[in-house]
Amino acid sequence: MTIDFDTALETVCFTGLRPGPKLLVTGAVHGNEICGPQAIARAIEDCRSGRLAIARGHVTFVPVVNAKAYRQGTREGDRNLNRDLRERADPSSNEDLLGNVLCRLLRAHDVLLDIHSFRSRGEPFVFVGPSNNAGPIEPFRLAEPERDLARRLGPRLAMFGWLPTYARAAAARNGNAAEGTGTTEYLRSCGGYGVTLECGQHTDPRAPDVAYDAILRALNHLRLTDAGPPSITVERAIEIVDVVLCHSVGDRLVREWRTGDPVKAGETIATREDGSPLAAPADGFVIFPHANARPMEEMYYFGVAGSLGI
Ligand SMILES: [Zn+2]
């Protein structure tokens, strides 16, 4: 008999005996990002054995959000769960069904730590949302606590500017700006806050430790444990300001960029099929380079030095 593991989502909760915030920790929203499941399983065992004591508040661990993709070893099951995340009255795919459960889970929590890894090489970083604003794309009022958490999770680098940049890319391919809504964006829209932790390259053996350390730091920072507050680790920030789409299969990155590689204004990052160069518009950084991007997929993002000041 074949057992279908994809029909339920495993959640493991620990509730402190004193009041405190509700934290959600998620792994494998993308199925091939295995550092989250490993780190979360370790944290669950620590809580069960008493090595890690939840003193107040509540933590929900979801080791594997996208079980179908995880089992397949692929980023997606039927589609990217971390795009256009919302509740659907007529779910028609694995990710639609998961999205409905995930949205309810997110709404039941105050804070999210969503653990990912990425394709290219590069140092770990943490993604934060916008500054406080009342604008149309991503209105937000909790930038201070979100950035305070992000600064203390272990990585030295923080990034921001995802949603406005993604919305421009979506517009460029006649898509929907809401496509950029993933887990953190959804929780912000519901009155909470959260960060995406990118632990390094998918296969980096250090990534599970980066993820585990961040879980402990989040628990300590939010005072779910009695351990003291974690140190500030973020030293610099990059604001993502542009995304370059692949237009045709002959478009090429000029070298094997790593996420976070610095480039000078005018430096060629990639070339179009006809040989015309795609140059850095300013001194900045290459983010999420994708050497095998297909037409209308993102070939790379571009960022500039930014500040997490609010
Ligand atoms: Zn991911």
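**Entry 1: the eleven-strand sheet**

I began with the open sheet of eleven strands, which runs in the order S1-S3-S2-S4-S7-S5-S6-S8-S14-S13-S10 with mixed pairing. I noted how strands are named: helices (H or I, at least four residues) and strands (E, at least two) are DSSP runs, numbered from the N terminus. Two strands count as paired if DSSP finds at least two bridges between them. I looked up the edge strands, and they are S1 (12-15) and S10 (261-263), each pairing on one side only. From one strand to the next, the twist averages 30°. As background, I wrote down that strands of a sheet pair through backbone hydrogen bonds, either parallel or antiparallel.

The model is a predicted one, where local features need pLDDT of at least 70 and side-chain atom pairs count only at pLDDT 80 or more, while totals for chains, interfaces and linings use all residues. Residues are numbered from 1 along each chain as its sequence is written.

**Entry 2: pairs within that sheet**

I checked S5 (residues 125-127) against S7 (residues 193-201), and they pair in the antiparallel sense over three bridges. Phe-125 has Glu-198 in S7 as its bridge partner. I then followed helix H5, which packs on the sheet and touches S5, S6, S8 and S14. The direction of H5 makes about 5° with that of S8. For such angles, axes are lines fitted to C-alpha atoms, for helices over the stretch in contact, and angles run from 0 to 180 degrees between N-to-C directions.

S8 (residues 236-245) and S14 (residues 298-306) are antiparallel partners over eight bridges. Leu-245 is bridged to Glu-298 in S14. S14 also pairs with S13 (residues 284-287), again in the antiparallel sense, over three bridges. There I found Val-286 with Phe-302 of S14 as its bridge partner.

**Entry 3: the three-strand sheet**

I found an open sheet of three strands in the order S9-S11-S12, with antiparallel pairing. S9 (252-253) and S12 (277-279) stand at the edges with a single partner strand each, so one side of each has no neighbour in the sheet. S9 pairs with S11 (residues 268-271) over two bridges. Leu-253 stands opposite Ala-270 in S11.

**Entry 4: the two domains**

I looked up how the protein chain is divided: domain 1 is 9-234 and domain 2 is 237-306. These bounds come from an automatic or database domain assignment. The domain centres, taken over C-alpha atoms, are 26 Å apart. In the contact between them, 18 residues of domain 1 meet 20 residues of domain 2. Two residues are in contact if their C-beta atoms, placed from the backbone, lie within 7 Å.

On the side of domain 1 that touches domain 2, the elements giving two or more residues are S6 (157-160) and H5 (162-172). H5 gives the most, with six residues. By class, I recorded nine nonpolar, four polar and five charged residues on that side. Ala, Val, Leu, Ile, Met, Phe, Trp, Tyr, Cys and Pro count as nonpolar, Asp, Glu, Lys and Arg as charged, and the others, Gly among them, as polar.

**Entry 5: H1 and H7**

Last, I checked H1 (residues 35-49) and H7 (residues 207-221), whose axes come within 8 Å and cross at roughly 50°. H1 and H7 are therefore oblique to each other. Under 35 degrees counts as roughly parallel, over 145 as roughly antiparallel, 65 to 115 as roughly perpendicular and the rest as oblique. The residues of H1 that meet H7 include Cys-35, Ile-40 and Arg-42, and those on the H7 side include Val-210 and Tyr-212. By class, this contact has ten nonpolar, two polar and one charged residues.
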